[in-house]
Amino acid sequence: MDLYQEAKQNRIDFQSEIDALELTEQSVENLRIKYLGKKGIIRYLFQGFSSVKPEEKKEYGQFVNVFKNEVEGKIEELQESLIKQKTVAEVFDHTMPGIRPQRGSLHPISLTMREIVKIFQEMGFDIEFGPEVETDYYNFAALNFPDNHPARDMQDTFFVEKDILLRTHTSPIQVRAMQKYQPPMRLITPGRVFRNEAVSARSHCIFHQIEGLYIDENVTFADLKTTIDIFAKRYFGKNVKTRFRPSFFPFVEPGAEVDVTCFICGGEGCRVCKKTGWLEIMGCGMVDPNVLEESGIDSEKYSGYAFGMGPDRITMLKYGIDDIRLFFDSDIKFLKQFK
Amino acid sequence: MIINRNWLEKYIDIPFSDTDLEEHLTYLGLETVMLKNPVAGLDKLIVGEIKQVEKHPEADKLTICQVFDGTEIKQIICGADNVAVGQKVPVALPGCELPGGFKIKRSKIRGVESLGMICAEDEIGLSDNHEGIMVLQENTQPGITMENYINSTIGASFEVDLTPNRPDCNSHIGIARDVSALTDGELRIPEILLKESEERTEDHISVDILDEIGCPRYAARLVKGVKVGPSPKWLADTISSVGLRPINNIVDLSNFVLMETGQPLHTFDYNKVAGKKIIVRKAKANEKVTTLDSEVRTLTEDILLICDAEKPVAIAGIMGLENSEISKETSDVLIEGAYFDPATIRKGSKTLALQTDASYRFERGADPVNVLFAIDRIASLIQQVAGGIICKNRIDRYVREIEFPEVTVRFKRINKIIGYDFDKKWVVNKFQRLGCEILEKTDEEVTVKTPSWRPDLEREIDYIEEVVRIFGMEKIPEPKSLSIILNDEPNKKHMFIEKMRTDLCGFGLNENYNNTLVSQDMAKFELYDRPAIELANPLSRELAFLRTSLIPGLLNTAKLNFNRGNFDLKLFEIGNIQVREEKSQTKARETMNFAVLMTGNTEIINWSYRQREANLYYLKGLLEQIAEDYRIGELSFEKIENEIFSKLVRVTAKGQDLCLLGELHPLYLNKKQGIDKNIWILEGNVDLLFELFDPEIRYNSLPKYPATQRDVSIVVDRSLQIGDIEKVIREKAGKNLADFIFYDEYKGENIEKSKRSLTFNLVFQNNERTLLDSEIDKVMIKIHTALHKELNAELR
């Protein structure tokens with residue numbers, strides 16, 4: 001049998017093999033190797049081209065090409081049907097739970113501080129840090145707390161020894177900044193503070209503060225009002241209103257307390273705002289000239305404002321957390337909620 | 001402090017409703033909350049008028065009253081003997097429940113029908129008084145509720161939460177003065193009608209001040225022949241309206257004048273004051289006295305005493321002593337009006353842990369001038385209420401004059417600080433309303449003398465506050481734009497810390513805050529044994545030290561979670577630690593640390609793959625990832641020993657200690673912490689990490705030539721470390737080795753017990769050309785040979 005004959009026989013065989021084929025990945029692969037492999041029939045037929053009679057060469061060539069296309073086409077077809085068969089056959093249960101990526105969580109107070117800091121950063125405030133163990137000078141004396149003044153009752157303090165204490169507010173950072181930089185300065189001071197208060201659901205001996213300070217020529221109380229109002233609207237929502245009430249802090253004069261309309265009831269009066277419609281969120285005021293002078297800033301030329309708020313309380317209000325101790329004795333189920 | 005509207009209206013007209021008054025005072029800086037009527041259920045009681053009274057035929061002590069309740073006459077049986085026709089009385093009708101829970105029913109008392117009850121004060125919760133039925137004011141309309149009656153006769157009461165700089169507002173006159181500044185209404189200071197006798201005070205008493213610092217002024221008056229007894233109704237009602245209990249007319253009057261003027265007064269039984277003498281002196285150490293509250297108190301030398309010729313009779317400015325107390329037998333009353341030094345009283349009050357209405361006011365600064373007004377006021381009231389004669393003249397020893405500043409306020413300066421143009425006339429008028437004497441006024445400025453009751457007004461800025469306070473902070477218009485300070489370098493440390501927080505969350509860790517204050521045991525954490533800082537005045541032993549490591553706090557959190565059945569934890573904390581350092585100004589070296597705790601499974605339970613338990617290499621991997629991402633350079637790891645760790649590694653970068661990581665020893669966990677789980681811990685220094693952090697990302701162009709991968713599988717002694725093998729391979733592979741990956745370890749069947757089988761994947765790549773198989777083959781042979789020769793590795 002000459003090669004041409006052989007080729008014709010191969011083509012017939014191929015057809016019958018296809019007809020008899022049980023469709024599996026293996027059988028299709030075997031078929032592919034048998035016909036299209038390196039040592040396969042098609043290659044064999046092409047390699048034998050030289051032994052074909054000259055007058056048949058053209059016809060033979062055409063025949064083998066057609067045969068090759070036919071084999072390739074058929075095998076591709078078989079492969080496609082295999083894939084189709086497989087995808088159809090694959091059973092899946094769309095009600096099975098997904099496999100989730102794992103993500104951690106920030107502490108709720110970190111979250112609050114971050115949001116607050118961001119708003120002030122966008123208004124051009126920079127961040128300043130300071131130590132938690134402080135001297136009496138930075139915590140009280142430089143902030144216009146006279147010796148033996150009743151305001152020190154308001155700040156029951158942990159002492160390490162005489163004149164060394166745990167800061168009761170982040171204001172000492174402001175003093176340090178005023179002594180370090182020249183006006184103009186505009187900064188906020190996030191940090192942990194300490195008060196000698198028994199731990200209960202409503203108060204803790206450690207908590208956090210963010211204070212702000214802005215000193216320049218011609219800084220006014222009106223500027224302070226705008227800044228705080230914008231902050232409150234951006235943080236609590238644009239419909240929130242602020243109100244300023246005169247108050248007293250030794251390091252500011254005039255001093256004020258700021259209330260925002262209760263964002264829970266919208267000012268109607270509810271349990272959280274104790275039916276007043278207002279929530280107290282911060283203290284603020286114009287930096288007392290004594291404080292400026294103590295830090296070497298000319299209080300005739302410069303004026304400034306300062307404000308301070310407690311992210312712990314704000315976090316509690318915002319998420320409706322009724323026990324401050326949850327922040328420091330944390331169940332993982334509590335922590336995981338703040339994402 | 002509690003104030004009462006009706007009382008306040010004696011001194012100033014109030015053109016506001018109760019709720020508006022509450023708001024206006026708050027906006028003046030006097031934080032005010034209206035008090036709920038102290039007695040619940042008064043709205044259920046009505047006012048009745050007694051039309052007829054007759055004896056009960058069957059009982060001597062009972063009367064049958066016909067009472068008009070506003071609509072009809074009702075028959076009510078009454079047991080009180082003060083009942084009389086024409087009286088207006090509180091009546092509880094059937095169905096009404098009294099504050100004590102007693103329910104009124106229609107009933108028959110000894111055969112006579114009774115349709116309700118006429119009440120005494122105690123029965124409706126107004127006081128403890130049970131001396132007969134409560135008789136209301138004559139002009140009261142029958143049929144109105146008792147709540148209406150109480151509100152209209154007594155007036156609404158308010159709690160005022162004062163800031164410590166406003167001692168003047170510890171009084172009705174003080175608050176009235178602020179209201180007058182707000183409304184421009186006239187302040188009415190009560191006039192004193194003093195009928196002095198010929199007898200001279202100085203013949204009966206002399207005052208000797210031995211401590212002029214503690215007692216700058218001491219004034220006294222003597223009222224003789226008084227009759228001590230219950231207060232008249234107006235007085236009892238007035239002081240009750242601000243929450244004070246009536247005691248007797250003399251004590252009640254000194255409370256009345258205190259609440260009216262803010263001046264604490266003390267009254268002595270003159271006949272118990274020995275030697276016609278008052279001496280003001282410091283106490284001796286360990287001197288013992290018995291105060292009015294029957295407590296025996298041991299004094300210190302800080303405490304100021306009022307003494308007679310023989311003994312102490314009062315702790316100055318804080319509390320009187322039992323030995324000279326006003327009693328029913330008292331006939332001559334010695335009145336003390338003094339100005340005590342705020343610091344002295346504050347110290348005394350703290351030392352004794354005793355705060356009274358008097359000490360509260362003295363330590364905030366009383367009014368040294370109006371002392372005289374106050375003693376004259378009480379003398380005249382005593383005479384009016386308790387009879388007696390007022391001796392001629394006051395004793396007034398003013399040994400150290402308190403000065404009040406003259407302050408010049410520049411109008412321009414007000415505007416500069418507040419950011420609003422105030423009317424000059426308006427400003428001057430308000431200063432006058434506040435009681436300032438105007439010394440001089442020009443177009444530019446005004447000079448005022450600070451009134452004696454305002455120790456807080458010392459400087460121009462204090463007056464600027466008054467301007468904005470009276471004007472109303474609310475009314476200051478807010479500018480629509482603000483200037484910005486451009487900042488060319490934001491705080492990078494802050495950015496770094498926030499980045500770390502975000503990254504650690506990204507690694508699946510939950511942030512956790514622990515207390516800075518810890519027990520001594522926690523502070524002396526055995527891993528470091530650092531000197532801890534102890535508090536001088538801790539809340540408790542558990543919170544007496546500052547933490548020297550974040551790990552004990554994390555362990556506490558782990559314990560808390562184990563107790564609640566949470567066993568899979570991946571926690572981190574970023575926070576400060578404090579270590580005692582003598583040469584530091586604050587005796588503290590403070591560093592910011594980061595710590596990670598892992599325990600239990602690292603993955604949430606799921607159906608697709610098995611959970612893996614945390615181990616040391618998770619923490620190491622986390623650190624390696626941070627080192628790579630933060631471009632801090634090569635880390636080196638060194639095994640170290642510590643008794644509380646079963647495995648412990650020190651990590652250094654650029655020769656500096658960056659962190660420790662390890663597995664806590666099960667014995668330590670078990671014995672010391674009561675934990676029976678495995679715990680892995682990492683703690684390092686954020687400050688150092690920040691120093692090493694390189695924020696600049698550098699881009700490397702992508703490789704142009706293909707990489708070739710080869711595996712190396714060897715069997716080696718178990719004691720041989722991967723690091724040693726890596727060293728040999730890297731050395732032999734040369735510069736074309738682009739990556740070295742250790743990806744399989746096998747111990748067990750088919751391998752000798754002392755050995756392990758390891759597989760590494762080596763990636764070869766060159767940036768200038770495609771590497772030939774043949775040259776890599778050569779390198780591989782070199783590697784194989786070296787592994788065999790140097791490490792006794794067996795190729796697989």
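Ring pairs join Phe120(A), Phe125(A), Tyr214(A), Phe231(A), Tyr235(A), Phe236(A), Phe263(A), Tyr305(A) and Phe307(A) into a cluster. Rings of Phe, Tyr and Trp (its six-membered ring) pair if their centres lie within 6.5 Å; planes under 30 degrees apart count as stacked, over 60 as edge-to-face and the rest as tilted.

This is a predicted model, in which local features need pLDDT of at least 70 and side-chain atom pairs count only at pLDDT 80 or more, while totals for chains, interfaces and linings use all residues. Residues are numbered from 1 along each chain as its sequence is written, chains are lettered from A and ligands numbered from 1 in the order in which they are written, and side-chain values use heavy atoms, with hydrogens and water left out.

Over all chains, a search of the whole structure finds 42 aromatic pairs.

| Pair | Geometry | Centre to centre | Angle between planes |
|---|---|---|---|
| Phe140(A) and Phe145(A) | edge-to-face | 5.0 Å | 70 degrees |
| Phe236(A) and Phe263(A) | stacked | 5.0 Å | 15 degrees |

The pair of Phe236(A) and Phe263(A) links distant parts of the chain, 27 residues apart: Phe236(A) belongs to helix H9 (residues 221-236) of chain A, and Phe263(A) to the loop between strand S8 (252-261) and strand S9 (278-287) of chain A. Helices (H or I, at least four residues) and strands (E, at least two) are DSSP runs, numbered from the N terminus. Phe236(A) has 13% relative accessibility and so counts as buried, whereas Phe263(A), at 24%, counts as partly exposed. Here buried means under 20% relative accessible area, exposed over 50%, and partly exposed in between (1.4 Å probe, protein chains only). Phe140(A) and Phe145(A) are both buried.

In chain B, helix H4 (residues 172-183) has 12 residues and reaches 16 Å from its first C-alpha to its last, close to the 16 Å expected at 1.5 Å a residue; the expected span is 1.5 Å times one less than the number of residues. H4(B) is largely enclosed by the rest of the structure, because 10 of its 12 residues are buried. Among them are His172(B), Arg177(B) and Asp178(B). Just after H4(B), Asp184(B) takes a positive phi of about 65 degrees.

The search finds 0 disulfides over all chains, a disulfide being a pair of cysteine sulfur atoms within 2.5 Å. The sulfur of Cys273(A) lies 3.7 Å from the closest cysteine sulfur, that of Cys265(A), which is too far for a bond. Cys273(A) counts as buried at 3% relative accessibility, and Cys391(B) counts as buried at 0%.
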